[in-house]
Each structure stands twice: as C-alpha cells, then as structure tokens.
Amino acid sequence: MATKILGISAFYHDSAAALIVDGKVVFAMQEERATRRKHDPSFPVNAVQACLAQGGARLPGGGALSVDDLDAVAFYEKPLLKFERMLETYYAFAPRGAAQFTVSAPVWAREKLFMKRLLREGLAEAGPYDQARLKLLFPEHHLSHAASAFYPSPFSEAAIVTVDGAGEWACGSICRGSGAGIEMLREQRFPHSLGLLYSAITHYTGFKVNSGEYKVMGLAPYGDPSRAETLKRKLLAEAVELKADGSLWLNQEYFDYAAGLSMTRDGKWEALLGFARRLPETELGADYCDLALAGQRLAEEALVKLGAEARRLTGARDLCLAGGVALNCAANSALLRAGLFDRVWIQPAAGDAGGAVGAALAAHHIYFGRPRAVPEGADGMSGALLGPEFTDAQVEAMAASHGAVWEKVPDEALFGRTADLLASGRVVGWHQGRAEWGPRALGNRSILADARQPGMQERVNLKIKRREGFRPFAPSVTAERAADYFQPGPASPYMLLLGAVKEELRAPLPPDYEQLPPPRKVLVPRSSLPAVTHVDYTARLQTVHRETNPRYHALLEAFRLKTGCAVLLNTSFNVRGEPIVCSPEDSYKCFMGTGLDCLVIGNYIFDKAAQPAAKAEG
Amino acid sequence: MEFLKDLLGFLKERKKWWLLPVIAALLLAGALLLLSGGAAVTPFVYTLF
C-alpha cells in the first residue's frame, strides 16, 4: 500500500495543503487560489478537498480519497513550541508586551492552543472521516522548510539553509541532508531574524509586511550605492550585528515586533537614519530607495555568510534553500555568484505555503522512515505545476454562463495563433493545465506580452496589473535560448534567480536619466527587451523547459519562429491585491475586468472585442 | 483533556514547569479578553495590565 500523507500549512499566512504519495508530491495548492483572499490564513479546506479529490484521481486506479485513506496529516510547525516562545518573549519584554499580548492572547486562548481540535474540525469540513484513527504529526517549522528544500531536490547529499521571519524559536537553520535524513546543525533564534530585519525595512519603506518584501527587492536597484552603504553602516553600528558565521543579532531597542504591534521603533530609526518612515502609497523618495538597497545588501551579505558556514559545516558541494527569504531572487543570485556551491536548488514555494509539502515529506522520510529516491529529471516538483486543472466541459460551461464568445483551436494552430496575437502587441491571459504551486506564475496562469515593445511595461501595468510603476516585469525564455539574451547562469525554472541582460542587447541611456523619478526611470528603454529589464539590467528570469511545461515552451518557440525572439513578458494572471487566478471563471472575470486583449484557456481563445460585455460597452 | 495531557507532556519534555502559572494566567486573561467584547468587562481587563 502506498503511503499517503497530507501536509497542511495554516493559521498564519498563505495556508496550503499538499498530498504526498510514497514520497512524491502529487498535488499542492494554496487556499487563496480557491477563496480569492490573498494570503488567506484560514484552514485550507478547499485545498484539502482538492488534494483528496484531484490528487486522489491522479493515483493508479485513482478516485477521490477521504481523510481515512491517509496514513497521516502533518502540520507544518509545533504550536506548543511557538506558544512557549511567545510566553517567554512576553516575560522577557514585560511590561512592553502588554499591547501585543492583548491582541494575541484571545486568539491563542480561543483557537491556536487547541490546534489538534482545529485541524480535526477543519478536516471534517473537507469530508466525513473517523477522527479516532487520524494520525496528526507536527514537525518543526524549519524542519518543514528544510524538508521542502531537500527531498524534492536533485541532490542525494546537500547543505540546507532555511531563512524566514520566525517559526517556533528558529528564524533560520543550517542542516545537512543525506539520503532520507536531515540533521539540524545550527539554528538562528527569535527575535534575531534576517527575515524580520527585511520585514522591518519593508515596513519602514512604507510597504506591507509579509507581502511587500519583494517590492523592497524591486526598489533596491534605484538606490544610490554610496548613500546605501552609509545607511548600511549606520544600521550595522547600532541596530544589527552581522557575524562571520551568518548569524545576526538585532538590537531590540530599534525593533518592536517582539513585544509591540509594529515592526520598528520609528523614533529610533528616524534618529539613526535621518528620515521618517514612509507612509503607504506616498511618494517614493530617494531615501527609501537607498534604504531598500542597504537592506538588500545586508540580506545578501547575511545569506552569503550563511552559505559559507553551511559549506564549512557540511562539506557539501550542493545547496538547498527554503524559507521566505529564499524568495529573494537577488539574494539567491548573490549566493550563487559567491561560488560556494556547485549547484543551488530552491523550493518554488519557499515561503510558509511550502511548509505543507515539507511537513508531509518530513513525515514520510523521518517519522515513517521511508527511503528516499533522488527525483529523476530536474527535480521532484514537476515544474511546480501541481495545482488544479479544469476540463474542456468546465471551460464551456463557464463560457455559457457568461454568454462568452470563444473559438476552439487545435494545438497545431493554437501556439501559432497566440504567437501572432502577442507579436501584434496584444496582451494575452494564458491559462493552461495545472495551476502553479508557489507565488510565481510560470506559464500556466500568466499574463503574457511582447517584451520587445517599449511601451509594453507601462501598458500592462496601467491597464491590467495596476501595480507600482517602479517594478519591471519578468521574462520567460526557452532554456535552450536563454544564453542568447542573458549572461551565462544556471537554469531558473521557478523565477527565483536573476539573469543579467547581455551587454550587446543593452542600449545607451538619455542624458537626463539620473534626474528622473524611479517609476519613470524604469520606462526608459535600456535594452532590446525593455519591458523586462530592470534599471540595473537584471531580470527575474524564468527558463522554460520542454520537459516540464511543453505547452508554454511550444508557445515561446512559436513566438520565436514568427519574431526571432524567444522571450515573452510573463506576469502573474491577477490584478493588484488579488491572488493569481485558478479556475476558468477567475480567468474570464479577470480578463473582462482589465485591459487584457485576449484570453486563452486550454484550446479556447476568447477575443475581448467579441465578448458581449465588451460589445455593450463599445 | 487531550490539550491538558499534551501541555503537561510538553512542559515535562521541555522542563519548563515555570510556564504553568503563566499559562494559567494567560488562559484566564485570554478568557476575560474574549468576554471583553462587552464593554462592562473592559475596565477590569485594563487593571490587569
């Protein structure tokens, strides 16, 4: 009998569920994709149902599973250990923690302390089962991250580095992965956390903690290197101590997250840095760009030092990464550039959602003691295409319910037709097969456009995405052609590494460039791929592989044959503040509610001008 | 009952019996704070902190 384990991550942010069968990730999904509530922290009842129904259907002789069919359910952290950390923190900071205590105590007293009951009730919502038979397991938060990074990696032995805001006590770890085992070697403990330092900078630069961190990364290249260095030195002199082994110490006089209701003690930061915290949605002045760059450099230095320490402790030649900080592709690339490891593999859902996969894998290999087979091919994540997919009948039913007008096109014509649309400047919603696992759209729930057209960045941003103008979009390129456009580097299938645009594709900047504000700077064409080239000539690169995503690869090839360019702009199929689309219904609604020109769901093409609502408006 | 068993097992494993009165106080305070949705209890809660 195959071992079936359901992993769950929930009750903080980005709740998710994953089904692991005999150590293979069969299905994984974030709850937000179903509830349409971004970063939804609630029990992932929809994701659990999808794991059991759609994941079960994928098994040999498949059919929907019930909770009774599972060998165990693994939750991604230890609630009582987290509770212990909270209590000891309140005790250590008393009486400063009273405000936070009054907010969190009722939540713990009402819900989180009784996690087993919460999980049992949540699972009961997904379907009836025998509660007495249920085996609930609770691996530690950073063990879940480490397992999510090591077990699906293509390495039989590796160093593992996990870094995030906070788990129970640990905010980061260095482990050794070997065979089916993971040995924890070092732990960075709360409140001294690289993730929380980055979140503090996110907060001070006026972005939302736990979701705006990638905006800080996008803002950093606008910073002035010399002024950023000065800010970094100030932080290192007073607020942050970064040690040679990658561990750090944060002076809690400057931070409020341990006991208060904010990330930073703003008065202390203002006195140190010389400028006040930026209020959300206000102008992004140079000071905040400089601070973003200072924070980014600190994160990169810390990660490189952690990598060096991991190499020293394990002697391993390969590295696995997970934890929210591993979503920082600039820091990941800095670690790669340091040349400490031959290969680096990063879990595509490196944040807390990925804990669902890791918890289940840890249960399989460590609790049940099952051996591990190193995944065949690139890795064990199936290109991160592990979510729900929908049938033609479901697409047609959705279209009928909206009176939508569509044309069904066979594969032989689909890729060429879509490439024609893109080459003519149309922006296309591209919905294919299984939804992505993790925060990045990788060509199955993507908005695509021609990256060569100078006005495209502004057009996609203003008419469709409605996000901050300073962030450029990401490029997708076929793996075989990546070296034609980007400087040599490893494959980046999950958009977790940077690629630098080749020198010969770069264009000179106008004389008044330095006087432009950040959102205007990025609009200045600086390469032959202007819509995806950041101000420092880097791009958040996705290499597309025929083996893992043949349909997206075929589209890129069709586009290359028509235009000579194997690169497309790829941004997630959603609008600001909403999760990435999941169902055909979500895709059609997003298509009709934005300036998207066309929608392609499977083999169905929807042209905006032909849709009844568009005609009525026109 | 299961929660109490788990909690006591946890405190024993972690050798942190000193947390027991803190947890009891927290559960009491948490219960009060839960109830303090009604304004009548709120002044009493404030005197605790």
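Arg576(A) is partly exposed, with a relative accessible area of 37%. In this predicted model, the side chain of Arg576(A) meets that of Glu281(A) in a salt bridge, with 3.2 Å from N to O. The two partners come from distant parts of the chain, 295 residues apart: Arg576(A) sits in the loop between β19 (567–572) and α20 (584–593) of chain A, while Glu281(A) sits in the loop between α10 (266–273) and α11 (286–314) of chain A. Glu281(A), at 64% relative accessibility, counts as exposed.

**Salt bridges over the chains**

Over all chains, the count by the rule used here comes to 41 salt bridges. One of the pairs is formed by Lys16(B) and Glu84(A), whose closest N and O atoms are 2.9 Å apart. This pair joins two chains, because Lys16(B) lies in the loop between α1 (2–14) and α2 (19–35) of chain B, whereas Glu84(A) belongs to helix α3 of chain A. Lys16(B) is buried at a relative accessible area of 16%, and Glu84(A) also counts as buried, at 1%. In the pair of Glu514(A) and Lys521(A), which meet in a salt bridge, Glu514(A) is exposed with a relative accessible area of 56%, but Lys521(A) counts as buried at 11%. A network of salt bridges links Glu229(A), Lys232(A), Arg233(A), Arg297(A) and Glu301(A).

| Salt bridge | N to O distance |
|---|---|
| Lys16(B) and Glu84(A) | 2.9 Å |
| Arg576(A) and Glu281(A) | 3.2 Å |
| Glu514(A) and Lys521(A) | 3.8 Å |
| Glu2(B) and Lys116(A) | 3.9 Å |
| Asp256(A) and Arg96(A) | 3.9 Å |

**Where chain A meets chain B**

Chain B has three helices and zero strands, and of its 49 residues 31% are buried. The contact between the chains involves 20 residues of chain A and 18 residues of chain B, and the area buried between them is about 1,800 Å², with carbon and sulfur atoms giving 79% of that area. Across this interface the rule finds five residue pairs in polar contact, both residues being at pLDDT 80 or more, as well as six salt bridges, including the one between Glu2(B) and Lys116(A). On the side of chain A that touches chain B, the elements giving two or more residues are α3 (79–93), α4 (98–110) and α5 (115–126) of chain A. The residues on that side divide into 13 nonpolar, one polar and six charged.

**Where two domains of chain A meet**

The domain assignment divides chain A into domain 1 (4–151 + 350–380), domain 2 (188–345) and domain 3 (392–617). The centres of domain 1 and domain 2 of chain A, taken over C-alpha atoms, are 28 Å apart. Between these two domains, 18 residues of domain 1 are in contact with 20 residues of domain 2, and about 1,600 Å² is buried, 61% of it on carbon and sulfur atoms. The count between them is one salt bridge, together with five residue pairs in polar contact, both at pLDDT 80 or more. On the side of domain 1 that touches domain 2, α3, α4 and α6 (141–150) of chain A each supply at least two residues, and the largest share, four residues, comes from α6(A). By class, that side has seven nonpolar, eight polar and three charged residues.

Note on methods. Residues numbered from 1 in each chain as written. Chains lettered and ligands numbered in written order. Predicted model: local features only at pLDDT ≥ 70, side-chain atom pairs only at ≥ 80, totals over all residues. Heavy atoms only, no water. Contact = heavy atoms within 4.5 Å. Buried area = accessible area lost by both parts, 1.4 Å probe. Salt bridge = Lys/Arg side-chain N within 4 Å of Asp/Glu carboxyl O. Polar contact = N/O pair within 3.5 Å; in protein donor to acceptor, adjacent residues only side chain to side chain. Nonpolar A, V, L, I, M, F, W, Y, C, P; charged D, E, K, R; others polar. Domains from an automatic or database assignment. Buried < 20%, exposed > 50% of the residue type's maximum accessible area, 1.4 Å probe, protein only.
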